[in-house]
Amino acid sequence: MNRKLIGIISALAFVMSGCGTQKQEEPAVTAGSDAADVPAEVSEAPASAEAETDAAAVYFTSDISAEGLVRLYDRLGWQPSGNTAVKISTGEPPASNYLRPELIADLVGKVDGTIVECNTAYGGSRASSAMHKQVAEDHGFTAIAAFDLMDEEGETEWPVTGGTRLDRAILGSHAENYTDWIILSHFKGHAMAGFGGAIKNVGIGMSSASGKVLVHSAGTRTSGSIMHSDQDAWLEALAEMVSAVKDHVGEDHIIYINVMNRLSVDCDCDGNPAEPDIHDIGILASFDPVALDQACVDLVYQAEGSASLVKRIESKHGIHALEHGEAIGLGTRKYELVNIDD
């Protein structure tokens, strides 16, 4: 990892929202604020004695390997209590940037997990169960763990509390079979959400086909096109779906891990994504999906060569999903980045 990135991570590890100790004439360095305004070289910023206690811990390693992933998981100190689902994206053929089985196999095995997915709502090679199972086999996932298409046998609905766009989430019925969840996401750009991380992996990835349409349409329909004219509205629905999952399974029964490699502007639902302009950054983990995705966005803004991905995020107002997630109590955009490599 280059020296500039080390400096950025060191700074964020010490700084929480509005709490960095700064010279009076300098602007405050904020984790979880407008990332474009965060100075790139602030590695000497000391920790504040008055740090806010509501900041979420986000753990980081630059070691993007099977060993690094397990070490980061261990640092969370979390243990599943029952049947464990590991939610990934299987990736659209032929050349998407899905997380490779050799990277995730040790972690999935450690928790005796089942890899879970749902079918798509936009066609492609994963719109039907038979085709999707073939993709999972072709991409190597069935060789490392049991694989479950959660909506293969129907749907289930979980309530949304306090939402402005949704009153329910529609998931694959097999979601009811799991007590514990690891949301294992590849962080990257996304053509509709601006970026895809933990919130996208749950909000769309755990939804059945009709549930995906419900989210994409901001709660207005369950069939037809996934396109919606109100960008902010569907991003709000995205966050609200995740809140339904957190409330239903219990916040002690779900953790979130984002892998920041192959940082294309395009999602893993794109079978022919653009080549990344950014070097791989690392793996991050948290109990808070909002803080986790916010930390990843901040690191993207600070990375060399990030212009195309930043443009994608801003063109879709991607940060609004995190703004709404914080507003409804899904999580906080304030965080402390803890570098476990130190």
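At the start of α7, a side-chain oxygen of D230 comes to within 3.4 Å of the backbone nitrogen of D232. This is a predicted model, in which local features need pLDDT of at least 70 and side-chain atom pairs count only at pLDDT 80 or more, while totals for chains, interfaces and linings use all residues. Residues are numbered from 1 along each chain as its sequence is written, and side-chain values use heavy atoms, with hydrogens and water left out. Helices (H or I, at least four residues) and strands (E, at least two) are DSSP runs, numbered from the N terminus.

**Helix α7**

- Helix α7 covers residues 231-249, and its 19 residues should span 27 Å at 1.5 Å a residue, which agrees with the 28 Å between its end C-alpha atoms; the expected span is 1.5 Å times one less than the number of residues.
- Of the 19 residues of α7, 15 are buried, so the helix is largely enclosed by the rest of the structure. Buried means under 20% relative accessible area, exposed over 50%, and partly exposed in between (1.4 Å probe, protein chains only).
- G250 follows α7 and has a positive phi, near 95 degrees.

**Strand pairing**

- Strand β1 (residues 56-61) is mostly covered, with 5 of its 6 residues buried.
- β1 pairs with strand β12 (residues 335-339) in the parallel sense over 5 bridges, and with strand β11 (residues 282-286) in the antiparallel sense over 4 bridges. Two strands pair if DSSP finds at least two bridges between them.
- V58 has L337 as its bridge partner in β12 and S286 as its bridge partner in β11.
- Strand β6 (residues 168-172) is also mostly covered, with 4 of its 5 residues buried.
- Strand β5 (residues 155-159) runs antiparallel to β6 and is joined to it by 5 bridges; T156 stands opposite L171 in β6.

**Buried loop residues**

- H174, in the loop between β6 and β7, is buried at a relative accessible area of 11%. The H174 side chain makes a polar contact with the side chain of E153 at 2.6 Å.
- A polar contact is a pair of N or O atoms within 3.5 Å; within protein, one must be able to donate a hydrogen and the other to accept it, and residues adjacent in sequence count only if both atoms are side-chain atoms.
- S207, in the loop between α5 and α6, is buried with a relative accessible area of 1%. The side chain of S207 reaches the backbone oxygen of G203 at 2.8 Å.

**Pockets**

- The largest pocket holds about 430 Å³ of space. Its lining comprises 30 residues, of which Y122, H190, K200, C267 and C269 lie nearest the centre.
- A pocket is an open set of points on a 1 Å grid over the protein atoms alone, where a 1.4 Å probe fits, with protein on both sides within 12 Å along at least five of seven lines; lining residues have an atom within 4 Å of a point.
- β7 (180-186), β8 (188-190), α5 (198-203) and α6 (209-216) each supply at least two residues of this lining, and β7 gives the most, with 3 residues.
- The lining of the largest pocket divides into 13 nonpolar, 8 polar and 9 charged residues. Ala, Val, Leu, Ile, Met, Phe, Trp, Tyr, Cys and Pro count as nonpolar, Asp, Glu, Lys and Arg as charged, and the others, Gly among them, as polar.
- The second largest pocket has a volume of about 170 Å³, and its lining residues include K246, S286 and L330.

Note on methods:
Grid points are joined across faces, edges and corners, and a volume is the space filled by probe spheres set on the points.
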